[in-house]
Amino acid sequence: MPRGRRVATSDDLEVSAYLEIAKNLEGVGAEAEDGLQSVNEGIVVIDFGSQYSHLIARRVRGHKVYSEIFPSTCSWESVSHINPKGVILSGGPASVYAPGAPSIPDWVFERRLPVLGICYGMQALVHQLGGKVEPGDKQEYGSAVLHQNGTDSPLFQGLPPTFPVWMSHGDRVTSLPPGFSSLAYTENSPVAALGDGNLIFGLQFHPEVNHTPLGQNILENFLVRACQCRRTWTAGNFVTDSIARIRDQVGDGRVICALSGGVDSAVTAVLLQQAIGDQLTCIFVNNGLLRLEEPERVQDTFKRNLGLNLVYADASDRFLKQLAQVTDPEQKRKVIGEEFIRVFEDTASELGHTDFLAQGTLYPDVIESETPENRTSARIKTHHNVGGLPEHMRLKLVEPLRYLFKDEVREVGLELGLPPEMVNRQPFPGPGLAIRIIGEVTKEKLDLLRACDWIVIDEIKNANLYDQLWQSFAVLTNTQTVGVMGDFRTYGYVCAIRAVSSEDAMTADWVRLPYDVLAKMSTRIVNEVPGVNRVVYDITSKPPGTIEWE
C-alpha cells in the first residue's frame, strides 16, 4: 500500500468497554481470533527494543511489502505465517557484549533468508557471526556523511558515492566476521555498512528515519534486489482477502460493531458490511462528548449515505451525570468506559442473540500495548481493546484491521468508497471532549469548548491546512483570567489551541501556524464565545508532552 500522510493509534473508543461487553453479552464461548492468518509474502522485523521498530515496518509496507514486528525471542513457527522473504533486525538500547543482551534467533541464519541489520541489529550480526563490537572512542548521534568503499553492493545500487545518514550509537564494529567486508564508512565509524555479498547486510545508521534522505532507496534495494519481493501488499488486495476471511470466520453468525464516526470503526463497519451484509448491526452511542453537530453527521453518513444498519443511542445525559465532580483524567476515562458498557449492553440486548463483536483495533494499538505479540518494547499505554480483553470471552472478536497502520486504513477506506472527508478526518480521542476540558466536565464547558473547537477547525480549513496537520483542536483550561471587553472587566476561561504534525502519533512536533491564522482564531474565539477571554497556543512537542492535554 502507498505510504500515506498519517499513521496513528486507533482514534475510536479508547475505553474499557470491550472488556465487560465481551464478558457480559450473550454469545458463544470462544477466544478472540487474530486478524491476518497468512499473506503471500512478508518481511519479519525483529524488535530489539528500538523506538523506530514500528517505523521500519511502516517503511517496508510503504514499498507494498507486508511486514510484521516480532520480539527477539520469536520462533520460526511464530513468523512462518507471513511467508518471510527476508528479515530486518532493529536497533535497540543494549550493547551486544552486555550480559543478557538480546540476540538474533538461530532460525534467522538457518533459513538462509536475506537479512538487514540496523544499528544494534548490525552489531548483533557481527557479535554472533564471529566479529567484534566495542565501545567507540566517540559517540555518534545525529547527521553524518556516509562514504561508500566502492564495493558493488546491491544495497547501494543507484546511490551516489557519498550521502547524509542519521546515526545514533555509542558502540562500533572493530573486527568483521569471516566472509564480510566493509561497504561504507563515516568519520567516526570505520564500518558504517557491511555485507557478505548478497545475503546478509548491516547498517550502523538508520535508513528508516527521514533524516536519512536516501534511506528509502536503501530499503527498496534490500526488498527488491536482495529479497526479490513482488510488492503485492495493496489496499485492493487487502479488501479482497479480508472479505473472504470475514465470511469464513463469521459464517452465518451475527456481528455488532461500536461505531464512533472515526475512520477506524468506519472502515471496519463498511468492510464487514460488504462481507456479510445484514448480519452486521452498528451501534452509535452519543455520549454527549462529541464535537459540534457530530452526531448528526455520523448518522447522515453511515445510515443514509452508506446504508449501514445503524442503531442510535443518545445517552448524553447519562454520561454527564456520571461525570459530575470528576476531575482526574484517568477517572474520567474509567467513568466514560463503564457508562459506555452499560449503554452499549442496554442497546445490544434489544437486538437478540449475537455471536461476534467487531472493533477497529490497529497495529499500533498492538505495538503500544503489552500483549503476547509484543514483549520486547516497553509498554507505552494499554489500549483497552487490546491488552484489556479477557483471555476467554463469550463473544468472538472480529478485528479485520488489527495488522494495519493508520495510513493503510485510510487507503482501504478510499478503496471501499468512503468519502474522503471521513477517511482523512483527524484523529479524535475515545473519551472525546472530556479530556480536552481540564477539570470537571459540565454542559456549560462542553458548549464553550465545542464553539472554540469549531472556530479552530474552521480557520484551519479556511487556510487549507487541515490535511497537512496530524491534529488540530482547542482545549478549555481550568484557568480564568481578567480581561477587558467594551470597557468592562471580564473574568473568563483561557482557551488553548493545539496543532501538531506527526507520522505515527508516537512522536509529534508543534506546528508553526501562520500568525494571521492564529490571530483569526483568537479574535473569533474571544468575540464569538462568551465566557472565554484569552487564547494561548501550545508549543510543546511530544516528547516531553503528549498530544492531548489529559
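Helices here are DSSP runs of H or I with at least four residues, strands are runs of E with at least two, and both are numbered from the N terminus. The model you are looking at is predicted: local features need pLDDT of at least 70, side-chain atom pairs count only at pLDDT 80 or more, and totals for chains, interfaces and linings use all residues. Residues are numbered from 1 along each chain as its sequence is written, and side-chain values use heavy atoms, with hydrogens and water left out.

**Stay on α5 for a moment**

The helix covers residues 120-128, and seven of its nine residues are buried, so the rest of the structure largely encloses it. Now step just past its end to G130, which has a positive phi of about 105 degrees.

**Jump to α2**

Select residues 53-62. How many of the 10 residues of this helix are buried? The count is 10 of 10, so α2 is largely enclosed by the rest of the structure. The buried set includes S53, H54, L55 and I56, and charged side chains are on the list too, among them R58, R59 and R61. Following α2 comes K64, with a positive phi near 65 degrees.

**Zoom out**

Of its 550 residues, 58% count as buried. Among contacts in the protein with a separation of 6 or more, 77% are between residues 24 or more positions apart.

**A helix pair: α10 and α11**

Select 316-323 and 329-348. These are α10 and α11, and they pack at an angle of about 145 degrees with their axes 10 Å apart. The axes are lines fitted to C-alpha atoms, over the stretch in contact for helices, and the angle runs from 0 to 180 degrees between N-to-C directions. Show side chains on R318, F319, Q322 and L323 of α10, then on K332, V335, I336, E339, F340, R342, V343 and D346 of α11, and you have the residues that make the contact. By class there are six nonpolar, one polar and five charged residues. Here Ala, Val, Leu, Ile, Met, Phe, Trp, Tyr, Cys and Pro are nonpolar, Asp, Glu, Lys and Arg are charged, and the others, Gly among them, are polar.

**Cysteines**

How many disulfides are there, counting pairs of cysteine sulfur atoms within 2.5 Å? The count is zero. Select C227: the nearest cysteine sulfur belongs to C229 and is 4.9 Å away. C227 is buried, at 5% relative accessibility. Then try C282, whose sulfur lies 4.7 Å from the closest cysteine sulfur, in C257, so the gap is too far for a bond. C282 is buried as well, at 0% relative accessibility.

**Two arginines with positive phi**

Go to the loop between α4 (106-110) and β4 (115-118) and pick R112. Its phi is near 55 degrees, a positive value in a residue other than glycine. Is R112 buried or exposed? R112 is exposed, with a relative accessible area of 61%.

Next, select R231 in the loop between α6 (215-226) and α7 (235-250). R231 has a positive phi too, near 60 degrees. At 33% relative accessibility, R231 is partly exposed.

**A stop in α13**

Select 406-415 and look for D407. This aspartate is buried, at 5% relative accessibility. Draw a C-alpha to C-alpha distance from D407 to N424: the two are 17 residues apart in sequence and 9.4 Å apart in space.

**Last stop: two cis bonds**

Finish in the segment after β18 (532-537), where P543 sits. The peptide bond from K542 to P543 is cis, with omega near -15 degrees. Move along to P544, also in the segment after β18. The bond from P543 to P544 is cis, with omega near 15 degrees.

How values were computed. A disulfide is a pair of cysteine sulfur atoms within 2.5 Å. Buried means under 20% relative accessible area, exposed over 50%, partly exposed in between (1.4 Å probe, protein chains only). Contact means heavy atoms within 4.5 Å.
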